[in-house]
Amino acid sequence: MFKVSKYRHTVGKVDKRELWYPDVNTTGNSAASTFIKANSKWVALNWQSNTGTVGLIPLKSFGKRKGETFLVHAHSSGVTDFEFNPFNEHQLVTASDDSTIKVWNIDEAIRSGATSLSTPSIVCSGHSKSIECIAFNPTANNILASCSTDKTLKIWDLSNGEEKFSWNFEQGSLTSLSWNYDGSLLVATGKDLKNRIIDPRTGESIQVGDGNQGIKPSRVIWLGNLNHFITTGFSKMRERQLVLWSSQDLSKPIKSITLDSSTGVISPIYDQDAQLLFISGSGDSSVRVFDMNTQFTKDPAFTELSPVPSDTPSKGICALPKRALDVMEVEIDRLLKATPNNIIPITFNMSRKSKSTFADDLFPNTASTKPSLSSADWLSGENKQPILISLNPSDNQINNDLDDLQLNDNEPVKKSTFFVDDNTNDNGSVVVVEQQQQQQQEEKQDEEKKISNSSSPTSSSSNVINSTPSSPTINDNIQRTGIVPKVVRSSKYRHISGAAHQKSQFYTNLKINGSTSNTCIAVNSEYVAVPMVGIGGPLAVIPLADKGRQVQVPCIEIGSQLCDYDLSQHNTSLVATGSEDSHVKVFKIPTGGIPKGNANKSNNYTTTEADFVGHNRKVISVNFHPTAENVLITSGGDMVVKLWDLNEGGAGEKLSFANVHTDMITSVDVNWTGDKILTSSKDKKMRIFDPRTNKGGLASETITHTGSKGGKAVWLGQTGNIFTVGFNKSSEREYQLWDSRNLQSATPLVSDKLDHLSGVITPFYDEDTAVIYLAGKGDASIRMFEINDQEPYVHYLTQFSAGTPQVGVAKFAKKTSMDVKKCEIARFYRSTDSTIEPLSMTVPRNRQEFFQDDIYPDTRQTCTPVMTSEEWFDGCIREPEFVSMKPSDMTNLSDAPPPPKKEDKFVATQEVDNTPSRDQVTNSLLSRVSNQNASSNWEQIEKLKHNFTDYDNGDISDSEWD
């Protein structure tokens, strides 16, 4: 039988942005070993400040928060480590470079109405140098272990702050600690590159062996109730390692895995219930997962599962306790990843056919918040296993009384604003965490609301807002999850998903040049084009049908360094290029594609249809007009925008706009009727031109993104709005939404930050679905947002993530070629250094045999021009034509018959089973055989009797008897 773990299909993903904790300020202290910790009530973050500070955020206060973050001003020097008390979720312990350990009671400060905390409950002084690590005993109350660079290991009783044991390790200071399952032993790694199993009550090193041999510090974690532990560190060759050890024999490791050559120290996290190991190093963008189950083997399986990639490098990660997970949604684990400005949740789930019942096979009993031993019992030498609780909501109701932190009626109301949350959706959904000071006359109304809503299974936003006057109030009707439910914004594209085509559909064996100023890939209905590495500015134009490995790549040779190019959507054989020699060239691809050279000689295509010279410096951008035939728009390093009529041959320049832009132009776009041109520039301004007027062309302008890098802007279809992406003064990537009719206000409708990456983002807008796609150069993902007229107007949907960074992304414009039978709403072509990968964006639907007319409105006919170039330059304005995407052999979903009703309960008719049992069949067979034998014997007897009768009749003479 094939033996596999039941958690092998665990899949992790980064949560949507509305579930993030934004606007945090993670410390940049390189001496800190811990950046983030969490329990079922709080998230603690090592906060950036001049002193040792920890920021506290309620676990349920995800999304934008109003007011200040609650800060614990803990130490005069940087915080090196901190932990929540496993048996008191409102108690935090911090350690610092100032050689002290401090205990902080959070609930007392909140009840007093404070917005910060600087007075500890207990101060533990005993170390003489910086403290490296602290660790709570998993079974005994108030027992804490700490190690320091003064080469000592100390055991503390936090009930009174007394130092109970102190052990010296002269060979080298300890750098990491971890308790075993029952809290009787410690495993430690040290600067002497040794692993140790230590009895904390005697100071004896029971086992000592060589550990990771790199000079950087290693980390250790005990694997729950197993006799094994994991260390993460570096080898002598400075490669990061993951090593499995047996606590009974440290002479050699059981298994060692070399991970990579990165420099970040790895933090291991272990789920002892599911036996899953999570690792992520400082600066890593992905989380790797290992299955450590011992169901079929003596030692942990140590099998790697699918990693969770992302774009953002982490400072540190932590895991939530099982009590905070949504077990009814089969959430196996949830990690929190700290980045410089965000805390990003990563959830790990398993697919189940039914989620109506508790999956007891996946969620064994887990550690509770009740200690097995008192500190005195443990110090006297007693050991006990941890107390476990069930995760089944029907067996163990989660107690949220400490979440509410409500004041008694006789206590004065203190104003506290740092928990107010702005995590609302466009439909006025539930406010996750909100606090409001109440007046005495509202108390009676509040009580009536509580009574009227007591029978409701969920709470409305008014229940949260109009709660008992107190500090932060959290919805208490949630019994099975750490996330407060909220009304989800209604959208047909909420569950949009992206997927790459099969690798057989890729275009491979390419040497793509990603240094062009604007376009790194372009596509129309027949060809895909990418710039190639080589002399003369080669541009590969590949027919879409020629998928697979490209042995001989047909190229257009520009004759100078290629800067930008575009493929015509109207006449698919036309290619326009701009180069450093200020030439704008137009090529016409022969029928069947560019001829391929022989194996010994390259035969690049050099025949031009037109060669325009008008810019004084290199050409920056080249764009075909989207509605008028044979109209070309270019911009150059001379900060001039020019319009060309390709029907005029070499003298095709028609219009030119100079002395408007004061810096390099970074993007050019045309509105949906084709009469207005939108530009973005490095002078931080966005401008709208009406190119055919006699007023110089400039209609309006405004300052957009304030960063030094240029931004990009696109029109949003028929709405008249504009979407821009760029950088702010802090070099953070951001987006803005503008009303083109009101640029004079210089205030966008909405503006928000994206991340700290440096790649320039290119936006792609889908007019049919109102979804905008953001693809950054060098990113490995494509973000998706939906734009509508409901605040905050721009709504994050999801993102497509790939394993390799992208050089460029192009949107396939011909919507009538979408595979509507698979609910494909958009298609992209993504280029890397050596491949072109087609991507499909789909919407999951149940009845795909019908045409989904609610997500497929009539679409613009992009392949057919609306007017000629002559008509356009004469001032003609004509709206685009629209066509239906419905295939002739499909029926609209709106006209489809209703789906068959599912009965609430199927009761099978009871039928009497007349099938004979095995014993009955056997007895019947034996009976037939016996009867058959008896009948045969009787026939023989009768025959003998007949023969004897013949003898008696005288047939035999008497002499024969003698």
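In strand S44, the residue that forms a bridge with valine 575 is phenylalanine 587. This contact belongs to a predicted model, in which local features need pLDDT of at least 70, side-chain atom pairs count only at pLDDT 80 or more, and totals for chains, interfaces and linings use all residues. Residues are numbered from 1 along each chain as its sequence is written, and side-chain values use heavy atoms, with hydrogens and water left out.

Strands S43 (residues 574-579) and S44 (residues 583-588) run antiparallel and are paired over five bridges. Here, strands are DSSP runs of E with at least two residues, numbered from the N terminus, and two of them pair if DSSP finds at least two bridges between them. Together S43 and S44 make a hairpin, with three residues between them. Within the turn, serine 582 has a positive phi of about 70°. Strand S44 is also joined to strand S45 (residues 610-613), again in the antiparallel sense, by four bridges. Across this pairing, valine 586 lies opposite alanine 610 of S45.

Further along the numbering comes an open sheet. Four strands build this sheet in the order S50-S51-S52-S53, with antiparallel pairing. Strands S50 (665-670) and S53 (698-703) stand at the edges; each has a single partner strand, so one side of each is left without a neighbour in the sheet. From one strand to the next, the twist averages 15°, with axes taken as lines fitted to C-alpha atoms and angles running from 0 to 180 degrees between N-to-C directions. Which strand pairs with S53 over five bridges? That strand is S52 (residues 685-689), in the antiparallel sense. One of the bridges links arginine 687 to glutamate 701 in S53.
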